[in-house]
Amino acid sequence: MEPIDGLTSTNYKAGSVSNLQMAISSVFSRWDGLQMAIENQWGGRDSHQKSLNLVSDVFSWFSHSKPPLYVEDLENLLHETLLLSFNTEIEDGSIEQQVAEQLMMIYEENLVGSR
């Protein structure tokens, strides 16, 4: 996939930051694999908190990674977090075909809207 030139947090408008965080949270709330992990407490009793941490981690990845950003790196972050935090591997292709792609598109939209 083509890389995306990112913005640092210093030139990302506050409204866009809030919108991006809400959008990440929204994508995760519709992600069946993550929702199953939370509901079944695959990450322990603090599974819900771990999902909130994932939102924060992905936002930090977008705002602090040096451009260009690659979807494969985001996919790796999601796979690693699910494995370490929820002791699960999502093998249904949703990370690659759904979640990471959507997040990158949302990021691009917020990036363009913040300029």
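Q: Is Phe62 buried or exposed?
A: Phe62 has a relative accessibility of 1%, and buried means under 20% relative accessible area, exposed over 50% and partly exposed in between (1.4 Å probe, protein chains only). The model is predicted, so local features need pLDDT of at least 70 and side-chain atom pairs 80 or more, while totals for chains, interfaces and linings use all residues. Residues are numbered from 1 along each chain as its sequence is written, and side-chain values use heavy atoms, without hydrogens or water. Phe62 therefore counts as buried.

Q: How are the rings of Phe28 and Trp31 arranged?
A: Rings of Phe, Tyr and Trp (its six-membered ring) pair if their centres lie within 6.5 Å; planes under 30 degrees apart are stacked, over 60 edge-to-face and the rest tilted. By this rule there are three aromatic pairs. For Phe28 and Trp31, the centres are 5.8 Å apart and the planes at 40 degrees, so the pair is tilted.

Q: Which helices does the pair of Phe62 and Tyr107 tie together?
A: This pair is stacked, with 4.5 Å centre to centre and 15 degrees between the planes. Helices are DSSP runs of H or I, at least four residues, numbered from the N terminus. Phe62 lies in residues 47-64 and Tyr107 in residues 94-113, so the pair joins parts 45 residues apart in sequence: helices α3 and α5.

Notes. Helix = DSSP H or I, 4+ residues; strand = E, 2+ residues; numbered from the N terminus.
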